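Q: I have a two-chain model on screen and would like to learn how to read it. Where do we begin?

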Amino acid sequence: MDKVLVVKNLSVTFRSKGGIVYALKDVSFHLEKGEVLAIAGESGSGKSTIANALVGLVPWEKGGTYELFGESINPYQKKSFSIVRSKVQMAFQDPYSSLNPRCTVLEIVAAPLIARGISKSEATAKTKKILDLVGLSNADLNKFPHAFSGGQRQRIGLARALVLEPKILICDEITSALDVSVQAQILHLLDDLQRELGLSLIFISHDIAVMEIIAKRVILLQT
Amino acid sequence: MSFENSLLSVRNLSIAFGGTQVTHNVSFDIMNGEIFAIMGESGSGKTVSAMAIPRLLPCPSAKIASGEIIFEGKNTLELKDIESIRGSRIGCVFQEPMQALNPVVSIGTQLLEAVRFMPKEKRETRIEELLTKSGFKDTKRIFKSYPHEMSGGMLQRIVICMALAPRPSLIIADEPTTAIDANLQIAIMDILRNLCLEEKVAVLFITHNAHLAASYANRIAVMYKGKIVECNTASEILNSPKHPYTRALLDVVPTKGKTLADLKPIPFGAEFDG
């Protein structure tokens, strides 16, 4: 099997009143091409910190190594994560706070493209295509997030993550805030997307039954 | 089951927002000390039905089209002074504990506000008793703390104490654990149930989570599209659901041994024949 992502000795610390706290200590794992890897653990065990570290949202402690599609990434250089984020994208837990309430769906989903210097017309075309893929219609382009249900908002979040055509998608508790029926819709959507786009998925969850349904391998974190 | 001595009796309650009727002839009874769950997906009308009881629906956009709510022998919809029962006889626990508490007032001050109608000398002992029972050790420190210094689970325990402090006979718990980390949900529900059993308080538990409803409620009403489609004991609902919607809802709950193909999403607005 091809290893698309290899992490060795990932440590992350936070400073608190009592001194330095290790959120992650020497965590090593890999992700295989086309697989769904679940990350499980109690609250506070560091699940989301792994996700954040993979896309450079929290600083790495010394001693870690990061390999993406066979290439070594320097996690101690900010600009290396701009390469990472063209291949690794993230979708978040809370469908209410992860979308800017003052931006339209088009602005939200096209933002990553515009940030990378893609022309407005091309960005709009790509946005339409990706919305179709996640099950939203072109009529939704100029609506604001408040007009959508929780499940639809998660689709918008997935569209924003997928519009850059990443190879790896990190889903951080993306179904936790949803009704069971909507959760099933999103799980089916992830399954379809994974096959259509050849994605490799990291699926962070606390729900063992959901993980059993969607993932083959599980990483279990202990506090 | 006879409902002659029920604590709360909701009869044919229909609520409309603007011109749209969102609940249709909702009827249910809650007995003293019972845990009664309303289970349904978002938009099914469960919160609206519950919030009509202490008259917490937005006014004037929500209108009671028909029905009555008899609580401790009085129709709450016609009460001139709803404040006389809201809080003191009917307590509320909401989904977001952070939003239920005032961020700039200490926890102690907010807890004492809940017992302001008690004799002065009894107030602090009552609060301390509840805090201890809900698992707080250093109650002095909790008194001085502010909401931002605590986790969501701790805050929800505070809110539960606050709701129980004036010794109500009914607690409305609207998705009390939905905003809380999943592995803490059971612990919070245990505290809520144990405290309510001990204090002989009935609970109207609003949830979309079939596992939680089945584990904590005596009886469950399943709501869909503004109607109660089925109401029965928790074990009947779970083990032999009668209504096709209840069956569809239970089927889509991920459980051990199911595959993705087993999870069949319920089409939005699908019709089910009872």
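A: Begin with contact, which means heavy atoms within 4.5 Å. Keep in mind that this is a predicted model.

Q: How many residues of chain B are in contact with chain A, and how many of chain A with chain B?
A: On the chain B side there are 20 residues, and they touch 18 residues of chain A. The area buried between the two chains is about 1,700 Å². Carbon and sulfur atoms give 62% of that area.

Q: Which three residues of chain B supply more of its buried area than any other three?
A: They are Asn183(B), Pro254(B) and Leu260(B). Together they supply 33% of the area that chain B buries against chain A.

Q: How do I read a sheet?
A: Strands of a sheet pair through backbone hydrogen bonds, and the pairing is either parallel or antiparallel. In chain B, 4 strands form an open sheet in the order E2-E1-E4-E5, with antiparallel pairing.

Q: Which strands are at the edges of that sheet?
A: Strand E2 (20-30) and strand E5 (74-75) of chain B are the edge strands, as each pairs on one side only.

Q: How many bridges join strand E1 of chain B to strand E4 of chain B?
A: There are 8 bridges between strand E1 (residues 8-17) and strand E4 (residues 62-71) of chain B. To place one of them on the screen, find Phe17(B), whose bridge partner in E4(B) is Ala62(B).

Q: How many disulfides are there over all chains?
A: The test is whether two cysteine sulfur atoms lie within 2.5 Å. By that rule the count is 0 disulfides over all chains.

Q: What should I look for in aromatic rings?
A: Look at the distance between ring centres and the angle between planes; planes under 30 degrees apart count as stacked. The structure holds 6 aromatic pairs over all chains. One of them is Trp60(A) with Tyr66(A), a stacked pair at 5.2 Å centre to centre and 20° between the planes. Both of these residues are buried. Ring pairs also link Trp60(A) and Tyr66(A) with Phe81(A) into a cluster.

Q: Why does the pair of Tyr224(B) and Tyr245(B) count as stacked?
A: The planes of Tyr224(B) and Tyr245(B) are at 20°, so the pair is stacked; the ring centres are 4.0 Å apart. This pair links distant parts of the chain, with Tyr224(B) in strand E9 (residues 219-224) and Tyr245(B) in helix H10 (residues 244-251) of chain B, 21 residues apart. Tyr224(B) is buried at a relative accessible area of 11%, and Tyr245(B) is buried at 0%.

Q: Which residues outside its sequence neighbourhood does Ala270(B) contact?
A: Leaving aside neighbours within four places in sequence, Ala270(B) is in contact with Tyr224(B) and Lys225(B). Ala270(B) lies in the segment after H10 of chain B, and is buried, with a relative accessible area of 16%.

Q: Where do charged ends sit over rings?
A: In chain A, the charged end of Lys25(A) sits over the ring of Tyr22(A), 4.6 Å from its centre. In chain B, the charged end of Arg157(B) sits over the ring of Phe136(B), 4.2 Å from its centre.

Notes:
Residues numbered from 1 in each chain as written. Chains lettered and ligands numbered in written order. Predicted model: local features only at pLDDT ≥ 70, side-chain atom pairs only at ≥ 80, totals over all residues. Heavy atoms only, no water. Pairing = 2+ DSSP bridges. Helix = DSSP H or I, 4+ residues; strand = E, 2+ residues; numbered from the N terminus. Phe/Tyr/Trp six-rings, centres within 6.5 Å; stacked < 30°, edge-to-face > 60°. Buried < 20%, exposed > 50% of the residue type's maximum accessible area, 1.4 Å probe, protein only. Lys NZ or Arg CZ within 6 Å of the ring centre and 35° of its normal. Buried area = accessible area lost by both parts, 1.4 Å probe.
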